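Welcome! Please take a slow look at the sequence and the model below, and then let us walk through some of the contacts together.

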Amino acid sequence: LEDSNWTYTMPNGESKELNWLELSRINVPSGNNDYYTLTTTIPTSVLLDLKESVANETFVLSLPSFDFYEALIEGSWFTSRKLLMGEQLAVSFPNFTGSRTDSTQAFLAVDEKTNTEIQKVKLTIKPKPSQKTILNSNVNQMPMFLSGYVRFQKFEDFVASKRVGSGKQLADIGRIILALFCVLLFIFIDSSPECLGLGLFMSLKALGVVASQRWYPDSVLPTWLVGALPTFLLGFADFMQLYFFTQLARLTKPKPLHWLSAGLVFGIIYSIGANIPTSPGGTNWSREVWRYRNLLIGIGCLLCALPVAFSCLKLKIYHRSAALFIASSGVVSQVFTPLVTDFPWITDSLWYKTWYNLLETHTPYVFALSTFVNVSTLEKRVKKLTEASLQSKLMEQEMALGRTVQEAFFRTPPMPAGIFLEISHNAEMYVSGDMIYSHHDPVNNTVTALLCDVTGHGVQAALKASVCTVICDSIWEVNKLRQDDQPFTRMEILQRRATSFLSKTSALPELLAIVGCEVLLNEKKAYIYRSNAVVPLMVFKDDNGKLQSAVLNDAMDEFLEVNLLTKSIIILFSDGLIDSSRTYKHFKQWLDAKLDSYNDISAAELKALILSYQDWKETHDDKTMCVLEIAA
């Protein structure tokens, strides 16, 4: 009905017939609150012809986009409808039957040229305070339109796409093509989480585009579903866009079924909210729900991508950072557009339309590009990590072998009757700088147990510890003592020789921590030696047969002579177990309390009891202990 003329009744009561272009030239005086009346006609024969072509379908009459604060549409075959600012000038009514609903005669007339009945449509407009014209005329203006509901929806979509421009059409086609490509990419080439997220998101978006553009036969869907399906699919797709961003940024584990279930619920809620009618106060709920959907989803995507992108940038992972920045650029339009919909001076400007068309057209390609960049980067990193993993496994095997070799040095030799030695060793990094040495000298009838802790950790410390083991063998083996060396002084000899040798080889002063006991079985005595090490502890039975503990606190680098009782247990610690006097004090108090419940205890039982202590502090050091029981 684009050629329809309108009769314009001015506030002073004067009427004149105007065409569409002339309507757009009607000026509204500043601050004018008068009502403007416009009337047009539709031949009854047009309605009857439409009835024949559209069976059992609701009719829709849409008027041009007049600008108004309030408007009233009246006619003879539909109920009058009052509209508020922002609402579409349209009215729906059942399939035309010729029945009248308002003042029939006031809206009926006869065309003098054709002598046929015509139906009048009356539009009464109250302008907005700042309004300048009745009708904003432009090339994309929607004319007066009358049709069945489905055809009217298609016409609206056509006008909307024409208003937005070719960018929207290209973007919609691009989404469909890319959706198919992303699904094939995930199935046949790369099964990464971001490819799955992109495939799900783009597929739902493509279905939403098909539904919103009505690219299917009219009879496929019932009328009530035609309007609801696009909003549901587009809301569902936007929710899955958020899932895609979480996978691109690697923020959550890929759980597509959980996200699809949540997206299904979100799509239903969104489609209900988007179809809420405009409230009497003038709030366009459909537009507001659309606006907040875009804003919240868009901001959520940016919050997922940008922090991770900047973190990757700091870590010099440039490809991943670039992928996330590229993906973020595709969300700019989604966030910015809802913010400016109420500002026509922005949305109607040439720069905005150009910018919008550019971003809208390239958004699907931007998302795809970010995925490809991320996948290619991860593929390279996987190769590097695989190579590093193989090297790491080989290194672990070597270190495990080194630990086995080192622990072979800790094996205790056969001990005489009544002597029991238990050891505990826990290296911080496979091999340690703690060395355990034990020896039985049948010639001098002595038993030796000692700990030696060199500086450092790991392999270099283990090499130093192995040197100390070799020096120990050279000292404790029979006839290897120098002339005038006493058996109980061998630990002090070890300290001198090992310190001297290691200081020469490393060209730096070496500080050894040595603690040990030399037991002279013939004399029932033990000589305790300590240099830079933790003070030993002795557990024994007192005269009443009760278990007691005593700290063997001798002077540094001197020998402490201890008379052995019927049963004595000497405990040697490395500083990986006891790192301070406070720790030692609390441990001894705990041990004394535990010993009260024992009538007797062996070296093995005492070792297990000590290791059960829960309040050891984490020292990130090698943890070693010797428990020597003398029951002679």
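Which residue forms a salt bridge with Lys541? The partner is Asp600, and the closest N and O atoms of the two are 4.0 Å apart. A salt bridge here is a side-chain nitrogen of Lys or Arg within 4 Å of a carboxyl oxygen of Asp or Glu. This pair links distant parts of the chain: Lys541 sits in strand β16 (residues 537–541), Asp600 sits in the loop between α15 and α16, and 59 residues separate them. Helices (H or I, at least four residues) and strands (E, at least two) are DSSP runs, numbered from the N terminus. Salt bridges that share partners join Lys541, Lys567, Asp600 and Glu629 into one network.

Before going further, a word on what you are viewing: this is a predicted model, in which local features need pLDDT of at least 70 and side-chain atom pairs count only at pLDDT 80 or more, while totals for chains, interfaces and linings use all residues. Residues are numbered from 1 along each chain as its sequence is written, and side-chain values use heavy atoms, with hydrogens and water left out.

The side chains of Glu422 and Lys607 meet in one of them, at 4.0 Å from N to O. Because Glu422 lies in strand β11 (residues 419–426) and Lys607 in helix α16, this pair ties together parts that are 185 residues apart in sequence. Glu422 is partly exposed, with a relative accessible area of 26%. Helix α16 also holds Glu605, which counts as partly exposed at 42% relative accessibility. Glu605 and Glu422 are 183 residues apart in sequence, but 9.6 Å apart in space, C-alpha to C-alpha.

Arg490 forms a salt bridge with Asp441, and here the closest N and O atoms are 3.5 Å apart. Arg490 belongs to helix α14 (residues 490–506) and Asp441 to strand β12 (residues 434–441), 49 residues apart, so the pair links distant parts of the chain. Arg490 is buried, with a relative accessible area of 2%, and Asp441 is buried with a relative accessible area of 2%.

Now turn to the aromatic rings. A pair of aromatic rings is described by the distance of the centres and the angle of the planes. Rings of Phe, Tyr and Trp (its six-membered ring) pair if their centres lie within 6.5 Å; planes under 30 degrees apart count as stacked, over 60 as edge-to-face and the rest as tilted. The structure holds 25 such aromatic pairs. In one of them, the rings of Phe573 and Tyr584 have centres 6.1 Å apart and planes at 70°, so the pair is edge-to-face. Phe573 is in strand β19 (residues 568–573) and Tyr584 in helix α15 (residues 581–595), 11 residues apart. Phe573 counts as buried at 1% relative accessibility, and Tyr584 is buried at 10%.

Phe587 and Tyr613 make another edge-to-face pair, because their ring centres are 5.5 Å apart and their planes stand at 65°. Phe587 lies in helix α15, while Tyr613 is in the loop between α16 (603–611) and β20 (623–630), so parts 26 residues apart in sequence are tied together. Phe587 is buried, with a relative accessible area of 0%, and Tyr613 is buried with 7%.

What about the cysteines? A disulfide is a pair of cysteine sulfur atoms within 2.5 Å, and a search of the whole structure finds zero of them. For Cys304, the nearest cysteine sulfur is that of Cys301, 6.5 Å away. The sulfur of Cys468 is 3.9 Å from the closest cysteine sulfur, in Cys452, which is too far for a bond. Cys468 is buried, with a relative accessible area of 0%.

Finally, look at helix α2 (residues 44–53), where the buried residues are Thr44, Leu47 and Leu50. Seen down the axis of α2, these buried residues fall within an arc of 120°, so they line one face of the helix; the arc is that of the directions from the helix axis to the C-beta atoms. The face of α2 turned away from the buried side carries the exposed residues Asp49, Glu52 and Ser53.

Note on methods. Buried means under 20% relative accessible area, exposed over 50%, partly exposed in between (1.4 Å probe, protein chains only).
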